[in-house]
Amino acid sequence: MAGVRSLLGQRQPELTAGAGPQDTDVAQQAQGHYRRGRTVMRAGELAQAIAEFDRATELVPDYAEAIAARAEALDMLGQSEAAKPEYERARQLWAADRPGAPDRRYVFRRPGRFTFEIESYELALNRIKTGSFPHMACGNALLVLGRPGEALKQYERALKLKINDPDLTALTGEALSMMGQYLRAIEAFDFALAVNSKDADTLSARAIACMALGKVDEADADWRRQIALLGQEQPAARACVAFRLTDYALAVTEFGRAIEKEPADAYWRLYRLTAQRRLGISGSAADAAPTNAWPSPLFALHAGAISADEVLAQADTDGRRTEALFQLGVLALPDDPGLAAERWRDVVASGAPALIEHAAARNELAKLGA
Amino acid sequence: MFSVIIYGRNDSHGYNLHKRAAISFNALAEVMSDPDDEILFVDYNTPDDHPTFPEAIWDTLTDKAKKVMRILRVRPEQHAHLKSKTHLVALESQSRNIALRRSNPANRWILYTNTDMLLVSRIQGQSVSDILREVPDGFYQVPRFEIPEMLWEAAFDRRDPAGNLVKLRDWSVRFHLNQVVHNFMPMRYDALGDFQAALREDMIAIHGFDETMILGWHCDSNLAARLALYRGRVDTLIDKVFGYHCDHTRVAAANNKGRKTKMNDHDQYIWNVSTPYLPAQAESWGWPDVEIEEVRLDRETPYERYVAGLGKAIKPATVPFTSSSCEWHLYDDLTYDLPHTLPFACDQVLTYPRSTAIMVIGARPDFLSSFAAAWEGMGFTGPILVPQECVGLPTDLPAITTGPFAELLPKAELFMVEFGLATQKIDDPVRVGRQAAPLDKKRLKVVERLFRQAASAEAETRPAGRRLPRRFIGVNVIYNKYWIPFTDHVSANINPFCSQVLAGLPRIDESLKGKVLRFRGRHAL
């Protein structure tokens with residue numbers, strides 16, 4: 001399932017073009033049906049719309065937008081009882097998407113497919129010729145979907161309408177950073193920060209770009225400024241920044257507060273456990289949620305219940321592999337700093353710079369002088 | 001679970017506001033079931049001498065509505081710095097942010113709506129608290145359905161919210177009320193501002209409503225645009241709850257001039273929004289450093305304060321009625337019935353902030369001592385400033401501060417001027433042709449001089465930072481020799497003689513006569 005979902009999110013060439021069901025890619029086909037369903041629904045052809053949504057969800061069963069649209073069509077036909085669980089299911093699917101790191105720009109904090117939104121903003125663009133908002137909103141959706149090149153085009157269109165806007169410029173920086181064009185990204189962030197030096201999101205973005213270029217001191221300086229700007233009511237964001245900085249004492253405190261607020265979040269427990277271990281405090285690996293889902297294997301690793309090879313075997317995405325490598329470094333450090341450094345060098349080499357572990361690994365290596 | 005945030009003022013915004021609002025307040029309270037739920041009504045810029053809007057209609061509210069409602073009163077003086085920048089008398093963004101700042105932090109949700117909305121859950125009996133408890137984090141809207149004016153006006157009983165909601169369920173089917181009007185994203189629906197449910201922490205993160213939007217309209221669309229960016233999505237609760245609006249277009253509201261309506265710029269505030277945040281107001285949104293009075297309808301009501309105050313000052317009458325006379329031959333008789341007059345004098349001050357400093361210029365010692373007792377009893381904490389030039393008045397009472405008139409003048413926020421006879425005792429007959437004694441004349445001469453000076457120089461002697469003129473209350477100024485002097489300087493209405501009291505702001509008469517009067521007043525000629 002995760003594979004199809006990521007396919008929908010990451011492999012579509014151009015969301016602004018209407019994909020048709022004849023397309024071979026499953027996700028594109030589903031999206032095509034969804035969009036056709038929306039079109040006929042607006043024309044009042046509810047039964048036909050439902051059929052299109054059905055086809056979409058046959059291809060991608062957890063296609064929340066299609067499920068929600070189908071529910072609305074059923075409701076309009078008077079089949080409200082049938083619609084209710086569908087509405088609910090869509091809502092739960094959206095809620096199940098794990099939000100992005102809370103210390104990053106708002107765009108990255110909310111996951112999703114945003115097919116409905118992109119389509120709606122495209123409709124708006126047919127009428128709204130002088131507004132940058134629909135371009136930017138489309139760009140944001142594309143950025144979250146992992147399509148920075150297309151997002152950048154949208155932002156550039158928006159900037160033609162709202163010239164030199166610092167927020168739009170910062171978004172172009174995010175797209176460039178995601179494309180690996182860190183120097184250009186930093187230029188964009190510098191521009192935005194010259195206008196608003198207290199823009200915590202952009203400080204975070206520039207720190208990530210700097211870290212990607214190995215400018216550890218500059219990156220850390222930005223994160224330190226960011227953490228000073230983050231309010232006490234944002235413990236998870238503060239904790240993540242502290243973790244990137246390998247300020248583990250602060251991270252333990254802030255993750256503790258984040259856990260009070262979001263007790264079900266396994267990552268906050270994992271990172272607190274990691275920070276505790278780095279401080280030589282005994283944490284509890286039993287903090288793990290009783291599930292086999294990721295990141296449970298990382299708790300098992302801390303508890304000594306599985307080996308390095310086993311955890312790496314279970315890390316089925318690049319991100320998870322990066323997480324596992326970082327934890328292996330933490331566990332190796334007391335007895336074998338050389339191995340720890342090796343693990344962290346792997347993190348730096350293979351992990352996306354935006355990941356918390358990437359920054360933490362860079363800082364750990366700097367501390368080791370490695 | 002949720003804080004409803006609404007705003008308004010004690011005026012007549014649109015057709016039959018009182019009924020619409022009562023229906024709405026009661027209906028909103030009816031769908032609350034969590035002990036933390038609250039309705040925050042920001043009473044924005046109601047004149048100081050008026051009660052807040054909910055206080056004015058309290059008798060039409062249910063006990064539940066009175067219990068859950070917190071009224072946050074924004075005084076005209078607190079709005080004065082924005083007055084020249086807008087044609088509006090009530091500002092939406094400021095109001096909603098003031099409430100957000102002061103909302104119950106235990107509540108997960110903020111629900112923005114208006115004072116003419118009813119929410120009907122689709123599962124009968126399910127509260128909106130239950131609905132919001134169950135739904136995941138997000139930004140939710142519902143479409144607004146209209147109720148024809150005749151229906152809500154003629155058929156709703158404002159004190160029967162449950163019955164009204166039942167009627168609405170029936171009408172929605174019978175009269176085909178439920179039409180969803182879609183709109184472009186990020187608005188999603190038309191008239192979106194009547195149901196926008198956002199996480200409290202999201203609203204704080206994005207710095208609330210945009211307080212540069214002071215021309216009316218589109219505040220809701222701006223919020224939708226910014227929350228759509230922040231959350232990525234605009235979700236709907238159409239499967240859970242329907243929102244109904246009491247249509248009120250028989251009479252255009254003050255901010256509705258048809259095609260000539262002045263409004264916030266559509267492009268700037270919707271189509272060119274480029275961030276969810278408002279860094280320029282990050283520290284100041286919702287006026288964190290401004291003390292906003294909170295009024296409750298379930299405790300310390302104005303009536304309770306009034307009764308407590310007068311209870312300390314006067315005893316109940318022992319006779320069926322007393323008498324006075326407004327016949328012209330009694331024009332020079334300045335006697336008045338103090339126990340009868342005091343309630344009208346107190347009525348003039350009750351709605352002012354409790355910290356108000358009032359200057360009392362007068363002649364009758366028993367008036368001042370009675371008023372001082374009532375002042376304290378009504379819960380006022382500010383001083384009664386009594387000029388030492390007013391010889392013969394008691395100055396040893398706890399609420400009273402005395403000093404030279406010129407020194408007290410810039411400290412006063414309100415004036416009360418009493419034109420009685422210093423020699424009148426509480427049991428003396430009233431308006432029977434009594435002439436002023438030499439002592440009375442001497443004292444009244446001082447009262448009149450100080451009054452003229454205070455009124456003529458009001459603008460120049462305001463407390464530091466105060467922008468708005470101070471109000472003057474005249475006691476015993478109707479149909480007697482002080483009627484003319486008082487109204488020469490104060491823009492007062494014509495009031496019934498029986499109340500004995502007139503009040504108003506200093507008169508700005510630009511005629512030669514007005515200028516001469518002010519000149520003479522300033523220099524006490």
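In helix H8 of chain B, four residues are buried: B:Pro161, B:Asn164, B:Leu165 and B:Leu168. A residue counts as buried if 20 or more other C-beta atoms lie within 10 Å of its own, as exposed if 12 or fewer do, and as partly exposed in between, with C-beta atoms placed from the backbone. Seen down the axis of H8(B), the buried residues fall within an arc of 100°, so they line one face of the helix. The arc is that of the directions from the helix axis to the C-beta atoms. On the other side of H8(B), B:Ala162, B:Gly163, B:Asp170, B:Val173 and B:Arg174 are exposed. The cover over the buried residues includes helix H1 (17–30), strand S5 (117–121) and strand S10 (241–246) of chain B.

The structure is a predicted model, in which local features need pLDDT of at least 70, side-chain atom pairs count only at pLDDT 80 or more, and totals for chains, interfaces and linings use all residues. Residues are numbered from 1 along each chain as its sequence is written, and chains are lettered from A and ligands numbered from 1 in the order in which they are written.

Chain A has 21 helices and zero strands. Helices (H or I, at least four residues) and strands (E, at least two) are DSSP runs, numbered from the N terminus. Of the 370 residues in chain A, 53% are buried. The C-alpha atoms of chain A fill a box of roughly 65 × 50 × 40 Å along the principal axes.

The largest nonpolar core holds 175 residues. Such a core is a set of buried Ala, Val, Leu, Ile, Met, Phe, Trp, Tyr and Cys residues joined through C-beta atoms within 7 Å. A:Ala239 and B:Ile39 have the most contacts inside this core. Helix H12 (residues 200–212) of chain A gives the most to it, with nine residues. Apart from this core lies another, of 58 residues, including B:Ala374 and B:Met416.

Chains A and B also touch. The contact takes 33 residues from chain A and 23 residues from chain B. Two residues are in contact if their C-beta atoms, placed from the backbone, lie within 7 Å. On the side of chain A that touches chain B, H5(A) gives the largest share, six residues. The residues of this side divide into 15 nonpolar, seven polar and 11 charged. Here Ala, Val, Leu, Ile, Met, Phe, Trp, Tyr, Cys and Pro count as nonpolar, Asp, Glu, Lys and Arg as charged, and the others, Gly among them, as polar.
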